[in-house]
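Here's a quick briefing to read with the model open beside you. Start by looking over the fold, then work through the topics below.

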Amino acid sequence: MATKTAAKPAKKPAAAKTAKAKKAPAKRKPAARKLRPGTPGGVPSSLVPLKARIRTIPDYPKKGILFRDITTLFLDPYGFRKVVDDLVQPHAGRRIDVVAGIEARGFIIGGAVAHQLSVGFIPVRKKGKLPWETIGVDYQLEYGTDRIEIHRDAVTKGQSVLLVDDLIATGGTAIAAIQLLRQAGANLIGCSFVIDLPDLGGKKRIEDMGIPVQALVEFEGH
Ligand code: AMP
């Protein structure tokens with residue numbers, strides 16, 4: 001009886017087989033080293049201190065002021081993360097019910113801090129910006145007065161509140177915010193700033209009110 005044998009597939013020509021097997025992976029060019037914004041010439045981002053990530057603009061908004069511009073810090077992913085982590089770290093395990101941030105840079109930092117602490121956020125706004133019923137406090141500026149406001153129902157009596165802003169100078173704005181939050185029934189458990197200008201005395205004024213103040217970097221002068 002005749003036996004059937006399966007027909008073997010035709011062998012590929014040896015040359016073609018070797019060509020496929022030996023196809024070398026395409027050589028990649030080494031990626032150009034990208035520096036994050038705010039990283040001065042070649043230093044790895046994590047080694048640049050926070051202070052060096054803040055831009056100083058002389059004579060803004062008026063002559064004699066050294067404006068500490070933290071938009072450079074916000075732009076830098078490492079710097080922004082580090083600021084939020086460093087502001088949150090001392091409060092680990094403490095009771096904080098809500099974070100309040102002062103318009104406008106305090107919204108950016110305070111919002112991120114609130115998110116990290118898994119609590120709510122109160123915007124402390126300039127006069128006339130909030131849409132519902134407000135309570136407010138007037139405070140003195142170098143020339144004239146200003147007013148900050150919160151919604152009437154922003155704070156529940158006895159809530160532990162952490163106040164956040166980008167910078168403390170004379171303390172006028174933050175103290176007005178503290179008065180307003182206290183008036184609404186808040187228990188101020190601390191104030192957190194990225195920058196302190198110690199020569200202007202604001203941090204001390206708040207500490208003298210019995211409120212702990214945290215600031216990550218200091219700059220001389222104003
Ligand atoms: P003060 O009420 O005097 O403590 O001023 C604090 C507020 O003014 C904060 O909301 C800051 O954003 C802003 N501010 C005051 N001085 C400066 C400065 N040199 N650079 C940037 N912001 C400043």
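The chain holds six helices and nine strands, and keep in mind that this is a predicted model. Of its 222 residues, 28% count as buried. If you take the contacts with a separation of 6 or more, 57% of them come from residues 24 or more positions apart.

**The sheet**

- Seven strands make up an open sheet with mixed pairing, and the order to trace is β5-β6-β4-β3-β7-β8-β9.
- At the edges sit β5 (134–140) and β9 (213–218), each of which pairs on one side only.
- Going from one strand to the next, the twist averages 20 degrees.
- β3 is mostly covered, with four of its five residues buried.

**Helices against the sheet**

- α4 packs on the sheet and touches β3, β4, β7 and β8, with its direction at about 165 degrees to that of β3.
- α5 lies across β3, β4, β5, β6 (145–151), β7 and β8; relative to β5, α5 runs at about 150 degrees.

**A closer look at α4**

- Which residues of α4 are buried? They are Gly106, Ile109, Gly110, Ala112, Val113, Ala114 and Leu117.
- As a reminder for reading that list, an α-helix has 3.6 residues a turn, so residues three or four places apart point the same way.
- The cover over the buried residues of α4 includes α3 (77–88), β3 (98–102), β4 (120–126), β7 and β8 (187–196).

- Leu117 belongs to helix α4, and it counts as buried because it has 20 C-beta neighbours inside 10 Å, where 20 or more is what the label requires.
- Setting aside neighbours within four places in sequence, Leu117 is in contact with Val88, His91, Ile96 and Val99.
- Leu117 and Val98 are 19 residues apart in sequence, yet their C-alpha atoms are 8.9 Å apart in space.

**Around the ligand**

- Which residues come nearest to the ligand? Of the 18 around it, they are Arg68, Ala169, Thr170, Gly172 and Thr173.
- β2 (66–69), β7 (160–168) and α5 (172–183) each supply at least two residues of the shell around the ligand.
- β7 gives the largest share of that shell, with four residues.
- By type, the shell divides into eight nonpolar, six polar and four charged residues.

- The peptide bond from Tyr60 to Pro61 is cis, with omega near 0 degrees; Pro61 is in the loop between β1 (55–58) and β2.
- That loop between β1 and β2 also holds Asp59, which has a positive phi near 60 degrees despite not being glycine.
- After α4 comes Ser118, found in the loop between α4 and β4.
- Ser118 is another residue other than glycine with a positive phi, near 55 degrees.
- With 7 C-beta neighbours inside 10 Å, Ser118 counts as exposed, whereas Leu117 counts as buried.

Definitions and conventions: Residues numbered from 1 in each chain as written. Predicted model: local features only at pLDDT ≥ 70, side-chain atom pairs only at ≥ 80, totals over all residues. Near = placed C-beta within 6 Å. Nonpolar A, V, L, I, M, F, W, Y, C, P; charged D, E, K, R; others polar. Buried ≥ 20, exposed ≤ 12 C-beta atoms within 10 Å, placed from the backbone. Contact = placed C-beta atoms within 7 Å. Pairing = 2+ DSSP bridges. Axes fitted to C-alpha atoms, helices over the stretch in contact; angles between N-to-C directions.
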